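Here is a short report on one protein model. Look at the structure first, then read on.

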Amino acid sequence: MTSSQLTEAQTGLEATIEGLQSRPELNGARGKVLKFLPEKNRFQVRLASDESCLSVKATNLQFEGADRADAELQTSRVTSDRANAFRVMEVEGRGKGVIALEMLKKGDALWVETPVLSHCRPAQFANSPSWDPEEIVRLWDQFSALAENDKGRLWSLASKNNQFLPPPQELVQTFATNSFGPEENTRMADVADASTGSLASDMLFLLTARLNHSCRPNCSRRVTGGKVTVFAARDIEKGEELTFSYIGFWHDHRFRQQVLQGNYGFVCKCPVCGLPPSELAESDARRRRFDRLDDELPKLRKAKLWKKVLQTCAELWAIRKEEGDETSMFFVEEHERLAREKLGKSKK
Ligand SMILES: [Zn+2]
């Protein structure tokens, strides 16, 4: 069955209320889960009995089991052993997002997905927001070859701000804000520096693009062989929203807000951006220090200062831990591996 064949009723997520202390008469009642309310950290549920709505914590909901696999997963592009563990749903104030319906352990692979669009920016335009007409044609040709169902899902990622653009331009904007390259937490310059000298392709994944942003994300990704694997970067509770970071860890909150508002059109209300001013200043200082250290790494490598490379990597991991971010840093791991090899130490 393809997702276009699924009716609204079939895609709805149902749950039974349990363990409510304040209104025990509701325990055992069934209802439809309408959306996630991030500010309250609750789900909005419409009761089957009288159509009334109430907001309920994940711990007080027993989600229906066998048939709750997401409509977004009914596609050959996604494979998942944990299809019942998460769900794409409306997240109040943030469009759609992905919510954990089960407890996830650090390192759990959630899904593997192949891209719907893939595009390599010519080196001379790589840092330019405007696209060459020939590039636009290449992207539009890929889009034109897609099944109607995929086209529909792709347009559902488009921002309302771009709806008056000509379709090829709207496609470019949708691609630019929803795609990513193979390296997580790595600067474009580092990727361009790689042995081939050419830039890596950016890819758009329909399900993965549903992950919303947090400056303290709980999911990591790894791109290998043209597929993305999304995994839990730390233990995740039932009822938590799954998140990625859309922006480099090393930026302070002012810069992050500027980019997130300018490029993605939202104000970040994540736990880091919501810190009281004095703690936010400390967070910014740590991230600026990370920026300086991260910048040093290629220079230390060039100078063959391997002990210093290891020291710097350890400091980078320590800063990330202090910031509550446990997502992967393949760029740093690569430096550590190389330094250990050069120093003749075996890894762990
Ligand atoms: Zn934030």
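## Overall picture

The protein has nine helices and 16 strands. Helices (H or I, at least four residues) and strands (E, at least two) are DSSP runs, numbered from the N terminus. This is a predicted model: local features need pLDDT of at least 70, side-chain atom pairs count only at pLDDT 80 or more, and totals for chains, interfaces and linings use all residues. Residues are numbered from 1 along each chain as its sequence is written, and side-chain values use heavy atoms, with hydrogens and water left out.

Of the 348 residues, 45% count as buried. Buried means under 20% relative accessible area, exposed over 50%, and partly exposed in between (1.4 Å probe, protein chains only). Take contacts between residues at least 6 apart in sequence: 61% of them join residues at least 24 apart. A contact means heavy atoms within 4.5 Å.

## The zinc site

Which atoms are the protein donors of the zinc ion? They are the SG atoms of Cys-215, Cys-268, Cys-270 and Cys-273, lying 2.3 Å from the ion. Donors are N, O and S atoms within 2.8 Å of the metal (3.2 Å for Na, K and Ca); water is not among the atoms, so sites may look incomplete. Along the chain, the donors follow the spacing C-x52-C-x1-C-x2-C. Cys-270 and Cys-273 are buried.

The arrangement is tetrahedral because the four donor atoms subtend angles of 104 to 116 degrees around the zinc ion. Four donors count as tetrahedral if all angles lie between 85 and 135 degrees.

## An open sheet

Four strands form an open, antiparallel sheet in the order E6-E9-E15-E14. Its edge strands are E6 (78-79) and E14 (219-224), and each pairs on one side only. Two strands pair if DSSP finds at least two bridges between them. Six bridges join E14 to the antiparallel strand E15 (residues 227-232). Arg-222 stands opposite Thr-229 in E15.

## A buried threonine

Thr-243 lies in strand E16 (residues 241-244). Is Thr-243 buried or exposed? Thr-243 is buried, because its relative accessible area is 7%. Leaving out residues up to four places away in sequence, Thr-243 touches several residues, including Leu-211, His-213, Arg-216 and Cys-219.

## Helix H9

Helix H9 (residues 330-343) has 14 residues. From first C-alpha to last, H9 reaches 20 Å, close to the 20 Å expected at 1.5 Å a residue. The expected span is 1.5 Å times one less than the number of residues.

Buried residues of H9 include Phe-330, Phe-331, His-335 and Leu-338. Gly-344 follows H9, with a positive phi near 75 degrees.

Technical notes:
Four donors count as tetrahedral if all angles lie between 85 and 135 degrees; four count as square planar and six as octahedral if opposite donors are over 155 degrees apart and all others between 65 and 115; anything else is irregular.
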